[in-house]
Amino acid sequence: MGGIHEKMDFDKELDARGLSCPMPLVKARMELNALAAGQVLKVVATDKGSVADFKGWSDAAAAVELVAQETEAEGENTVFVHYLRKVS
Amino acid sequence: MTSTRRGPSEWGPAELQRALLSPGESPLFVLDVRNREEYEAWKIEGRFGPETLNAPYFEILERGGKDDMVDSVAAFVESELSAKLPREGTVLAVCAKGGTSEYVAEGLRRSGYSAANLSGGTKAWADYHEAKVVVDGPTQVLQLSRPARGCLSYLAVGGDGNATAIDPLRDPSPMNILLTERGLTLERVIDTHAHADHISGGPALAKERGAPYYLHPFDAVHPFDLVPGDLEFLNLCDQMSIRIGESRLEVMHVPGHTLGNCALLLDGQVLFSGDTIFVASISRPDLGGRAEAWARLHYRSVRRLSELPDETLVLPGHFASYRELDAQGAARAKLGDLKQGNPGVALALGSEEEFVNGILDGLNAIPESYVEIKRVNAGLAQAHDERASELEIGKNECALA
């Protein structure tokens, strides 16, 4: 998965660093609503729970496709990156 | 361990425990908004329920359909949950860390329910410990409990102010608080056996307080790796006698659950049965990978313990269900009652073949974490904080199903 993120295209980035559940997902949903169909939102979160939650959300939401998830080191922190495509 | 005062809309673990033990006139309903896997793996369970419903918060957000979380909750509750949630009693909103559930509780209140948030979430509940006196007298016994996981440990306090810790759990605070509050000296730490379901707090507590740590030497070898552990300990052995104040603690080597498994008999009246016999079952003998061989050892061991007087008070190392607890949340039973009503003990009172077959029939899979936890307890590996918490997720699986 490490090689993919360098080529990952996205149309909007949401900085959700420092936000606790449920805010990363609440904000991501609002951002995604504002995108056009087919566009990709990149979400960067520090909340570890976001990994399972974004996967669960994309399973539950017909309009959301989870394109990829990455875990990256950012200095001393770990960030969890989610790429979500708006389906319709 | 002591709960801070909160309004009725915010419950700490102590309030939850009170409700789980005796709901009184006010029934409890739990709305658990964690994801399905977490909920299926482990959920809040008490003595009389509670009724629980799982609705992952991202589904609530999606199906409630509002940008605002509280608005979504209110919309979702009104459109999908009104038939399922009770108007009497409390609806307790629960999530992993207590943040999302605050929004859920607010949304429930907006929809007219009497709702509370579980402060700190299931994480705080998992870390909650409580202590109570289970034997009073010149030598007092306190039972320390971690209710979310069903783990029990003990402090035997001699009249001379010296205390012996038995099977202390990973979090040293409950023991330390008791020792400090009561002005006690920790004289020694005993592990009845090498635990598989939780990381022992024994070696660390002993080191911190400058007290000796006791373990049976057979349990200082990792049963799967067959590698000797790296631990500082003094040997427990069968019929060893330990003085606690004016009392005597006799060691009984009762292999089966582990090879070095021991029970401790206090003044011939109180049995710290560790993980040999529990209130509603007996332990499984397969956590070393040799179910049949160890089942035969276990048979002899359980029978040996059942030869003690019926009046013996049994204090176990675990409980699997709140049905094993009394109204105060303590796990204890008279041996005579166990011989009548405990199916595992009853099985051991029959033939060895019936016992072995009965055990082998009903074994569940060994949780993956148990092999690693045993390494940590043998001093062969380390696990701190987050990793330790990950290893210790969920209820213990020490008993036969």
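## Exercises: domains, chains and a helix pair

The domain assignment of chain B gives domain 1 (10-125) and domain 2 (129-391). Keep in mind that this is a predicted model.

**Exercise 1.** Work out how domain 1 of chain B meets domain 2 of chain B.

*Solution.* Start with the spacing: the centres of the two domains, taken over C-alpha atoms, are 35 Å apart. Next, look at the contact itself, where eight residues of domain 1 of chain B touch eight residues of domain 2 of chain B. On the domain 1 side, helix H1 (residues 13-21) of chain B brings the largest share, three residues. Finally, sort that side by class: three nonpolar, three polar and two charged residues.

**Exercise 2.** Find which helix of chain B gives the most to the side that touches chain A.

*Solution.* First, get the totals: 14 residues of chain B and 14 residues of chain A take part. Then pick out the helices of chain B with at least two residues each on its side, H3 and helix H5 (100-110). H3(B) comes out on top, with five residues. As for class, chain B's side holds seven nonpolar, three polar and four charged residues.

**Exercise 3.** Describe how H3(A) packs against H3(B).

*Solution.* Two packed helices are described by the angle between their axes and the distance between the axes. Here, helix H3 (residues 50-60) of chain A and helix H3 (residues 57-64) of chain B pack at about 40°, axes 9 Å apart. The crossing is right-handed. Now list the residues: A:Asp53, A:Gly56, A:Trp57 and A:Ala60 from H3(A) contact B:Phe58, B:Glu59 and B:Glu62 from H3(B). Sorted by class, that's three nonpolar, one polar and three charged.

Methods:
Residues numbered from 1 in each chain as written. Chains lettered and ligands numbered in written order. Predicted model: local features only at pLDDT ≥ 70, side-chain atom pairs only at ≥ 80, totals over all residues. Axes fitted to C-alpha atoms, helices over the stretch in contact; angles between N-to-C directions. Helix = DSSP H or I, 4+ residues; strand = E, 2+ residues; numbered from the N terminus. Left-handed = near helix turned anticlockwise from the far one by under 90°. Contact = placed C-beta atoms within 7 Å. Nonpolar A, V, L, I, M, F, W, Y, C, P; charged D, E, K, R; others polar. Domains from an automatic or database assignment.
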